[in-house]
Amino acid sequence: MIDLSNFIRDVPDFPEPGIIFKDITPLLGDSAAFTAALEAMATPFDGLGVDLVVGIEARGFIFAAPLAQRFDAGFVPVRKPGKLPWDVNGYEYALEYGTDRLEAHSDAIHDGASVLVVDDVLATGGTGAAAVALVRELGGDVIGFSVLIELGFLNGRSKLPEVDVHTVVHYGND
Ligand code: AMP
């Protein structure tokens with residue numbers, strides 16, 4: 001079995017001092033590691049009837065699109081403000097300083113759709129919580145949040161109560 005942590009590179013002080021950035025490009029560049037990562041992200045949700053996979057801009061897209069194909073589901077992009085061309089719903093969330101916002105097309109999720117939300121890294125949980133809230137506002141039923149990497153010391157899961165959060169590579173006390 002592949003140890004996926006060997007394909008994740010720590011980049012200190014990127015994009016700003018004090019942040020250790022988890023660089024997944026070595027994993028993406030290795031066919032076996034990328035395939036194993038996708039399998040590990042998908043299997044807990046097998047048989048649950050995923051209708052739509054939501055990917056969070058930008059690195060979430062990389063995993064969400066192939067997972068949508070695997071589940072025979074549609075893919076829905078959740079993006080930063082101003083990127084989507086049609087009518088949008090938005091959800092604002094707090095950052096350490098200030099706020100940020102995620103948007104999705106208002107007609108992207110049909111009522112009662114079973115939705116799997118996907119991203120690359122779960123850090124403080126604000127991004128994932130916002131995406132989940134947005135999916136619910138649009139009428140979707142969130143059946144899980146699948147993420148490659150969890151920074152457990154930031155306790156992002158606490159922002160996602162009642163969500164089936166599944167992560168593959170764990171760092172810290174999670
Ligand atoms: P958060 O809202 O704090 O859970 O942050 C999650 C989002 O920020 C994800 O979309 C990640 O792509 C990105 N992110 C946060 N921390 C890191 C990190 N240390 N390395 C790489 N990406 C990160």
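The legends below describe close-up views of a predicted model.

Local features are reported at pLDDT of at least 70 and side-chain atom pairs at pLDDT 80 or more, while totals for chains, interfaces and linings use all residues. Residues are numbered from 1 along each chain as its sequence is written, and side-chain values use heavy atoms, with hydrogens and water left out.

**View 1. The residues around the ligand.** The shell holds 13 residues, of which D119, D120, T124, G125 and T127 come nearest (a residue is near a molecule if one of its heavy atoms lies within 4 Å of it). By class, the shell has 5 nonpolar, 4 polar and 4 charged residues (Ala, Val, Leu, Ile, Met, Phe, Trp, Tyr, Cys and Pro count as nonpolar, Asp, Glu, Lys and Arg as charged, and the others, Gly among them, as polar). The ligand sits in the largest pocket. A pocket is an open set of points on a 1 Å grid over the protein atoms alone, where a 1.4 Å probe fits, with protein on both sides within 12 Å along at least five of seven lines; a molecule sits in a pocket if more than half of its atoms lie within 2 Å of its grid points. Strand 2 (20-23), strand 7 (114-122) and helix 4 (126-137) each give two or more residues to the shell (helices are DSSP runs of H or I with at least four residues, strands runs of E with at least two, numbered from the N terminus).

**View 2. Polar atoms at the ligand.** A polar side-chain atom of T127 is 2.5 Å from an oxygen atom of the ligand. Backbone atoms also take part: a polar one of A123 lies 2.9 Å from a ligand oxygen, and an N or O atom of G126 lies 3.4 Å from a ligand oxygen. The protein covers 81% of the 490 Å² of accessible area that the ligand has on its own (Shrake-Rupley method, 1.4 Å probe).

View 3. Strand 5 (residues 88-94) pairs with strand 6 (residues 99-105) in the antiparallel sense over 7 bridges (pairing requires at least two DSSP bridges). V88 stands opposite H105 in strand 6. There are 4 residues between the strands, and G98 takes a positive phi near 85°.

View 4. F14 and P15 are joined by a cis peptide bond with omega about 0°. P15 is in the loop between strand 1 (9-12) and strand 2. D13, found in the loop between strand 1 and strand 2, has a positive phi of about 60° although it is not a glycine.

Methods: Polar contact = N/O pair within 3.5 Å; in protein donor to acceptor, adjacent residues only side chain to side chain. 1 Å grid on protein atoms, 1.4 Å probe; cavity = no way out; pocket = protein on both sides within 12 Å on 5 of 7 lines; lining within 4 Å.
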